Number of protein chains: 2
Amino acid sequence: MSETPKIKQRGLMLVLSSPSGAGKSTISKALLDSENKMIMSVSATTREPRPGEVDGVDYFFVDKAEFDRMVSDKEMLEHAEVFGNFYGTPRLPVDNALRKGWDVLFDVDWQGARKISNSAGKDMVGVFILPPSHEELERRLYDRAQDSDDVVKKRMAEAAGEMEHWAEYDYIIINDDLDESIAQVRAILKAERQRPNRQDGLPEFVTAMC
Amino acid sequence: MSETPKIKQRGLMLVLSSPSGAGKSTISKALLDSENKMIMSVSATTREPRPGEVDGVDYFFVDKAEFDRMVSDKEMLEHAEVFGNFYGTPRLPVDNALRKGWDVLFDVDWQGARKISNSAGKDMVGVFILPPSHEELERRLYDRAQDSDDVVKKRMAEAAGEMEHWAEYDYIIINDDLDESIAQVRAILKAERQRPNRQDGLPEFVTAMC
């Protein structure tokens with residue numbers, strides 16, 4: 001009987017989506033603070049750095065030619081144009097992290113989630129965060145920005161457009177209690193690490209035991 | 001704007017399988033002790049009650065005619081014959097529990113798991129528990145029963161036959177540390193409760209918010 005082979009944990013891609021005001025940024029920050037092996041995905045962009053932004057931390061700043069090369073060499077998990085600037089998710093840093101057993105967090109809307117899902121397959125876990133009620137979402141949007149009625153109305157319409165896509169996600173969290181919502185995402189991470197496809201070497205492990 | 005409808009949690013069917021000696025019974029007991037809303041599935045059987053066994057607790061004791069009626073009326077989730085006695089899982093108590101938001105625990109082998117999966121569909125969550133190594137499984141089987149070499153050899157062969165089916169399960173736990181394995185199953189339960197199909201009324205909830 002040879003020695004039992006070791007299992008190597010493969011990381012996962014945690015995609016969090018929600019309408020603004022549902023608490024996604026707070027939950028993301030709490031996860032990055034509390035999870036030992038989790039990084040935030042860093043996008044590449046063709047737009048100019050703003051004061052204080054650091055290359056490789058806030059974004060990978062690239063020119064249009066390099067961006068186009070990365071797209072045509074299939075080095076982007078997904079990419080999109082927003083107001084004349086280009087944004088994309090480089091595949092290589094994500095692949096490296098997953099292989100080392102690190103999880104990668106993505107804060108994207110339903111369109112980004114759908115594109116990542118097409119490239120990432122079973123590496124991706126999609127979580128959609130909902131506000132606890134219409135009234136509460138409205139209240140949060142007012143509180144946040146002291147916005148005018150018109151701006152809040154526009155944001156509520158955008159929120160509705162985003163929430164329509166809840167059914168495309170693996171898990172739905174209704175963010176009524178922030179601590180409980182964070183505990184739910186952490187449980188999802190802990191559970192998903194027990195998926196057979198995230199335990200590299202499992203077939204060999206079982207074979208060696210039989 | 002009408003009041004936001006309430007979500008009603010639907011329970012799940014947690015199917016635990018493992019070779020004997022992997023720690024399934026200990027984990028099952030710990031779950032039943034610690035989870036607020038979890039019951040063990042009770043099988044129906046045609047065999048005679050043994051001293052101390054209570055009808056409706058250990059088994060539902062039924063005669064052959066009643067058993068056959070339950071099967072032909074599709075009141076069994078799964079059933080099988082073992083040494084001339086018949087065993088089956090009545091569907092009704094499980095359905096009632098799930099509807100009230102209670103989880104139901106099943107301690108079955110891969111054949112039972114496969115049959116339950118065919119009837120239960122998305123209500124079922126399958127978890128397979130593996131021992132940490134061949135040597136450790138052998139040691140546990142020796143320790144447990146002070147069995148002879150021949151008996152342990154036979155049990156090891158049975159274990160191998162069971163372990164071959166690991167890939168049919170949603171989650172795989174390698175039971176190296178009992179507390180960690182229990183924490184992993186509890187995380188699976190907590191995560192799976194956030195699945196959209198276990199949150200009754202979610203479409204109406206979202207519609208009311210948009």
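Strand E2(B) and strand E8 (residues 103-107) of chain B pair in the parallel sense over four bridges; helices (H or I, at least four residues) and strands (E, at least two) are DSSP runs, numbered from the N terminus, and two strands pair if DSSP finds at least two bridges between them. This is a predicted model, in which local features need pLDDT of at least 70, side-chain atom pairs count only at pLDDT 80 or more, and totals for chains, interfaces and linings use all residues. Residues are numbered from 1 along each chain as its sequence is written, while chains are lettered from A and ligands numbered from 1 in the order in which they are written.

E2(B) also pairs in the parallel sense with strand E9 (residues 124-130) of chain B, over five bridges. The table gives both pairings of E2(B).

Five of the five residues of E2(B) (residues 13-17) are buried, so the strand is largely enclosed by the rest of the structure. A residue is buried if 20 or more other C-beta atoms lie within 10 Å of its own, exposed if 12 or fewer, and partly exposed in between, with C-beta atoms placed from the backbone. Met13(B), Val15(B) and Ser17(B) point one way from E2(B), and Leu14(B) and Leu16(B) the other way. Beyond its neighbours within four places in sequence, Leu14(B) is in contact (C-beta atoms, placed from the backbone, within 7 Å) with residues including Leu105(B), Phe106(B), Val127(B) and Leu189(B).

In helix H1 (residues 24-34) of chain A, Lys24(A), Ile27(A) and Ser28(A) are buried. They cover an arc of only 100° around the axis (taken from the directions from the helix axis to the C-beta atoms), which puts them on the same side of H1(A). Ser25(A), Lys29(A), Asp33(A) and Ser34(A), on the other side, are exposed. The buried residues of H1(A) pack against E2, E8, E9 and H7 of chain A.

Chain A can be laid on chain B with an RMSD of 0.0 Å by a turn of 180° and a shift of 0.0 Å along the axis, using least squares on the C-alpha atoms of residues with pLDDT of at least 70 in both. The two copies are thus related as by a two-fold rotation axis. Of the residues of chain A, Ala187(A) comes closest to that axis, at 2.3 Å (C-alpha).

The predictor gives the complex an ipTM of 0.92 and a pTM of 0.93.

Key: Contact = placed C-beta atoms within 7 Å.
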